[in-house]
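Subject: Handover of a structure model

Dear colleague,

Please find below the structure that I am passing on to you. My notes on what was found in it follow directly after.

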Amino acid sequence: MITHSIYDWQWPETPDQTTIAAIKERYSSYSEEFITLAIQRGIQTVEQFEAEIVSPQPIYHHPNQLYQIDLAIERITQAIENQEAILIYGDYDVDGITSTLILYEGLQTLGANVFYHLPNRYTDGYGPNIKTWERLIDEHQLNLIITCDNGVIDHGAVQKMKEHQVDVIITDHHEIQGELPPAIAVIHPKHPDGNYPFKELSGAGVALKVISALLEEVPSDALELAALGTIADMVPLIDENRTIVKMGLEAIRRTERPGLIKLIEQSPQNFEYFDEETVSFSIAPKLNALGRIDDPQEGLELLHTYDPVRIEEISQKIESINDQRKALTEQIESEVIETLESLAKIPPIIMMSGPHWLSGVLGISAGKIARLYHRPTLLFQESTDKAIYKGSGRSIEGIDLFDNLTPFKSLMQHFGGHAQAVGMTLTKSNYETLKTELESHFAKYQSVIDQPDSIKVDLTVPIERINQEFIEEVNQLAPFGMDNAKPIFCIEHVQINSKRRIGQDQQHIRLTLEQAEYELNAIGFFKGESFDQFQLNEEVSAIGTLNINRWNGQTQVQLNLEDLGSDGTRWIDARSKQSETMLAKLSEAVYLFQSQSVLERFQAKIRKDAIIALYSNINQVMASFTNPVPLVIMESPERLEDLATIIKDLTWNAIYLGCTQDPLHYWAGPIEREEVTKVYRFMLQYPQMDYNHYLNDIAIQLSIPLIKVRQIFIMFVELQFVRIEAGQLRLNPIEQHIKTDYTKTRSYQQFEDYIQSEELLYVSTVNDIKNYFEER
């Protein structure tokens, strides 16, 4: 059985060998591994392999198939011909910025009298804002408003525009909730009266369709913007979204937009290797940071302007705001974690608020907390007077957040989103009510919360078959994203040859994996703490994505780690003071102690959901174990047999060696006859003494370790040479002293057992300890 650090690995079905052979026979230049991967991704015949891999044709549906696009084109054309003032009203994220710019530049090309406005998250809010629209009507004498990436759930503002005799065309892709607004046209791939063949366009994708219908062609400069918006908005990268991104990335590599060139130059990749991951992890977060913290207008300006001075000013501002965004999210996450760790039990949905939390970044932090604690998370910013709570939520696999929150809409002023992400606003008076209701409602998902997220493994491949040519084959399936995830490969039974934490805060980890004399470099981003528990020379299986790492002129094949697993119960060496923090954070773990005093010293540091027990009462808590949990050995037991029984009788998903106390018995060594004689003679000289007060002095005077002196006196009590009364040690009459082999006493054997236990658990290697218990 493979145990995993983070995910539940889902293995693919065995592919049809006949199909593999048939494809290989016709297309011998493709590796068998890649053909197998293609079959795992849905290829079923030789003809399908040729159509989708060898000679793929782009999918791009005609924009005229969008419902009411004819009405939209007619009204826009009329406005252009009559030089009516047109407003493009977008959104503050990358999809909203790019869709706005697509329409703005396209209409400019046609000679339209056009303006644009991107709403400020904090002053305008999301979607149509009546006051903002009325102000813009006064400023520009508007006749037509075109929304992009918003508007489908707004009725009030559209209705209000009729009073001003301003027409509205809505272009959007967000979930439709009930009746559509009374606009001239609603351009939406999921229009209830339409039959558009692909439902998952982004806002920028919808804008691209509108401008393509107007221009009667697909403009290259609009295509590159649509690719940015489509990638950033994380819509499924299938069907025509795949075409938009693939062709858009090609257009970006030839772009003449100096602001976009600047963003790419500031990213880890150059133009030659620029891809969808560069957008997702570098460009999109920076542009989004403007809308989260400041004003998104300059993001659009950066992509549109040719002014080198403004480009430099804006790019520097974006870098600064993005750094600010990182600091804000880290602070929020720190505060949330501190509060959660103080709870006796974490509820099935995390719902928290803070007066200084910025609502624009709460989605990022909610996602991080949801992943960390594996449960839906809602985070809110309290307004200055705490009358309004504005928040964002993120969910986990198996829990549809939008559907589960919809029944509680009556408690919210605003609500929207989808299965994995929501946004909402509610009053202070409804906040606690909603929290109570949701904690009760989500209790039914406890079994989902208790299970790790699954991850689909596409293919098991040996290291010897992993090279640059194979990765370039795999990249024929790109662009990767939602519903076309980057393939996850498994490399089984590899040995960890080296490991080291890297990054400014040591958040990442770099490993070297070896299999049959072949080595592969691997890196785990933000997995330093998770994977640091794996030991050098330990045999593991690794899963992750493959990429070509290019740095300082060097090219290297690399595995981007998603998870590590091993066969059976993992033994993890945490026998250092530095590991105590990590041990204390383990979820629902069982901690074993030998002494009450050490237990009490650690108890305050350990999570509230932990089970803390002494070896002497472990049987009393065994019945409370249900699912396999981590076992943490904080101290060695008196007898190794006691620990062996615990390990054998229960199933543990991991065993942590957390023995950080000094092994005093082992250091002192066995009790020697000369030492026993020294203590006996001393006792004859001083037949009565304050035992507790002088014990340390006796040890110093006789040059015998204190722990041994104490145990020898216990032996003497057992042999009835002495007695201890009210802290006073008193010598029994010598004639009562019967010559006895002290090595047969229970107290001597107890000390020997401690030495053996400490030698194994404090000094031996992890493999030796694991072998000892597995052989018993």
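Helix 13 covers residues 297-304, and Glu298, Gly299, Leu300, Leu302 and Leu303 are buried in it. Here, buried means under 20% relative accessible area, exposed over 50% and partly exposed in between, with a 1.4 Å probe and protein chains only. Helices (H or I, at least four residues) and strands (E, at least two) are DSSP runs, numbered from the N terminus. The buried residues of helix 13 pack against helix 5 (94-109), strand 4 (113-117), helix 9 (220-232), helix 11 (258-265), helix 12 (276-293) and helix 14 (308-341); contact means heavy atoms within 4.5 Å.

Please note that this is a predicted model, in which local features need pLDDT of at least 70 and side-chain atom pairs count only at pLDDT 80 or more, while totals for chains, interfaces and linings use all residues. Residues are numbered from 1 along each chain as its sequence is written, and side-chain values use heavy atoms, with hydrogens and water left out.

As for the protein overall, its secondary structure comes to 30 helices and 27 strands. The C-alpha atoms fill a box of roughly 125 × 70 × 50 Å along the principal axes. Of the 776 residues, 52% count as buried. Among contacts between residues at least 6 apart in sequence, 67% join residues at least 24 apart. The accessible surface comes to about 36000 Å², and carbon and sulfur atoms account for 47% of that surface; accessible areas come from the Shrake-Rupley method with a 1.4 Å probe, and for residues only the protein chains shown count as cover.

UniProt, in an unreviewed entry, places the feature "domain: DDH" at residues 86-230. UniProt annotations may be inferred rather than shown by experiment. In the model, this span is 41% helix and 17% strand, and its end C-alpha atoms lie 25 Å apart.

Some details of the backbone may also be of interest. Most residues other than glycine have a negative phi, and most peptide bonds are trans. The peptide bond from Ala478 to Pro479, however, is cis, with omega near 5 degrees. Pro479 is found in the loop between helix 19 (468-474) and strand 15 (489-502). Gln68, not a glycine, has a positive phi of about 70 degrees, and is found in the loop between helix 3 (46-54) and helix 4 (69-81). Ala516 also has a positive phi, near 50 degrees. The loop between strand 16 (508-515) and strand 17 (518-524) holds Ala516, which counts as exposed because its relative accessibility is 61%.

With kind regards
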